[in-house]
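Morning, everyone. I have one structure to show, and a few minutes to show it.

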Amino acid sequence: MADDNLYWVGIDLANGVLSGAMLGGYYALISVGLALTFGVMRLINLAHGDWVIFAAYLSVTLATVAGGSPFWTLMVVVPVMYGLGYAVQRGLLNHVSVQATERRGMSPVFGLMLPLLVTFGLSNVLSQGLLLVFSADTATIKNDLSYSAIRLSEDLSISTLRFGFFIAAAVLLSGLALWLKTTHIGRAIRAASDDPEIAALMGMRTRHVYAVASGVALASAGVAGFMVGMTRSFQPFDGPSFLLMAFGVAVLGGLGSMLGSLIGGIVLGVVQVLAGTYFGPAAQQVAGYLVILLVLALRPQGLFSGKSR
Amino acid sequence: MSISARDAPASPVLRVTGLSAYYGELRAVYDVSLELDRGDILAVIGANGAGKSTLLRSLAGLANQGARSHIRGTIEFDGRRLDKMTPEQIVDAGVALVPEGRRLFARMSVEDNLLAGAYLLRCRRTARAKLEEIYALFPRLRERRMQVVSQMSGGEQQMVAIGRALMSSPKLIAFDELSLGLSPAMVEEIYKNLRGIVADGTTGILVEQDLQRALKVCTRFCVMLEGNVVLEGRPGEVSEAAITAAYFGEGHG
């Protein structure tokens, strides 16, 4: 009898840790774009969550119109999101950035405030636009993997989709880290984030470099939006809750670090699922934010950032 | 009195005419004109605030940035008008600056800093070979290529800064305060390499506080005072006493 109890305690714990970790990959992918734009341009993109939802609607629409397996929609969503990210940065955000306001001889305070205001406005435009087109009804990407699971033992299983997304997130984040580390454009992104004036002396067109970084950030939001659509239902005004979660993950992992995003996502996922298992669904969100506050109080540079900035 | 080519019949590679540079309302460089031939090393001498750094920043395109600062006058290099170009275009045209205070990308490794200097499309294919040249010039950097530059000594950082500028294969390289904050031994080592750094056919501009050292390596010099060029010539042409007098602004005005 006692053995039996212990077994179920262990199974609960293992299930919680496993599904929390799987959830972490998905969290990481939602937050990595935010971490990237902040790390490079010191730009806090308040519309990030709305872009995730925008991408989710884009996937739903494409899947509904054309049919077939929903996975092919990624081949459209990712390049479209990259293009949007590039265009918005080049046409809008580059003109209100810290660097731009400095060039005009304005106080750096404007450089911090303007992007916040502009991306906040963009967030509203996106969510209201989605409401206009898709109404307030919930949407989801229909797929036959929703209820499929991989059984690890008789009482232990993980969702096939979550597992797939976790692997995809790990691969994408590693790829992104490698891209930043080894390519000319990746090096330019890091250089421009460190010292834009000297980056220009190296021949780097910083406006283009920033736009590429924003494009990649929104491309990652595109994959994240697809994952949202595949695993849950969503509405036009869900963006801010994703933004909040993305902030949490980025803070946990240390803003700007790719690997940090993955670890931060896993920490948040595991804590949330375990809190949900033991203290009920209401505790899930509370526990998540408690951990974030705790990390902010004790290690404000994040768990995995080597140095404070 | 402009320094004109004495025995070289070819036209000067760099011609600066009537250059003034402003920070807002403040004029930091006042109507400077100068000419350099291929292979020349010009030493720009002057006290703090004389406008030396601003002169170099003007050449590199950094003094022409909207409301904060702008330049007047013309800068011609290799037949192209640098004063109309952005910093990105200027480095592509073959002018590299080793900035004051080194200004390395602090969180990046030695090798990443060097490779950042080879970002231009025309440099990418030869970046690896160029990297080997830099390591041959400064073997110390090869040993520390994976080290993050913020953990290195000032002299080593200066080597990285010089190497980073060389990665773009410049035809004109300008050094701002080459020896500032370095140990005497390190200054010795960098000056020993200067002839190798400013290779045949490359033109150099050197901003330096150390008068004797500057006069030893340069082929021309000019002395700046309060934004003006007050004396110019070739080493040996003018007595050191006259240069010192110009440096301190005695006998002028």
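A word on helices before we start: a helix here is a DSSP run of H or I, at least four residues in length, numbered from the N terminus. And please keep in mind that this is a predicted model.

Confidence, then. Chain A has a mean pLDDT of 89. In that chain, 97% of residues reach 70 or more. Helix H3 of chain A, residues 74-91, scores highest, with a mean of 97. H4(A) scores lowest, at 76.

Now look at H5(A). This helix covers residues 108-134, which is 27 residues. From first C-alpha to last, H5(A) reaches 39 Å. That is close to the 39 Å expected at 1.5 Å a residue.

What follows H5(A)? Ser135(A), with a positive phi, near 60°.

Which residues of H5(A) are buried? Gly111(A), Pro115(A), Val118(A), Thr119(A), Leu122(A), Ser123(A), Ser127(A) and Leu130(A). Think about the spacing. An α-helix has 3.6 residues a turn, so residues three or four places apart point the same way.

Last, the interface. Here 25 residues of chain B are in contact with 18 of chain A. On the chain B side, helices H2 (87-92) and H3 (110-116) each supply at least two residues. H2(B) gives the largest share, four residues. By class, that side has 14 nonpolar, seven charged and four polar residues.

That's my tour. Over to you.

Technical notes:
Residues numbered from 1 in each chain as written. Chains lettered and ligands numbered in written order. Predicted model: local features only at pLDDT ≥ 70, side-chain atom pairs only at ≥ 80, totals over all residues. Expected span 1.5 Å × (residues − 1). Buried ≥ 20, exposed ≤ 12 C-beta atoms within 10 Å, placed from the backbone. Contact = placed C-beta atoms within 7 Å. Nonpolar A, V, L, I, M, F, W, Y, C, P; charged D, E, K, R; others polar. pLDDT = per-residue confidence, 0-100.
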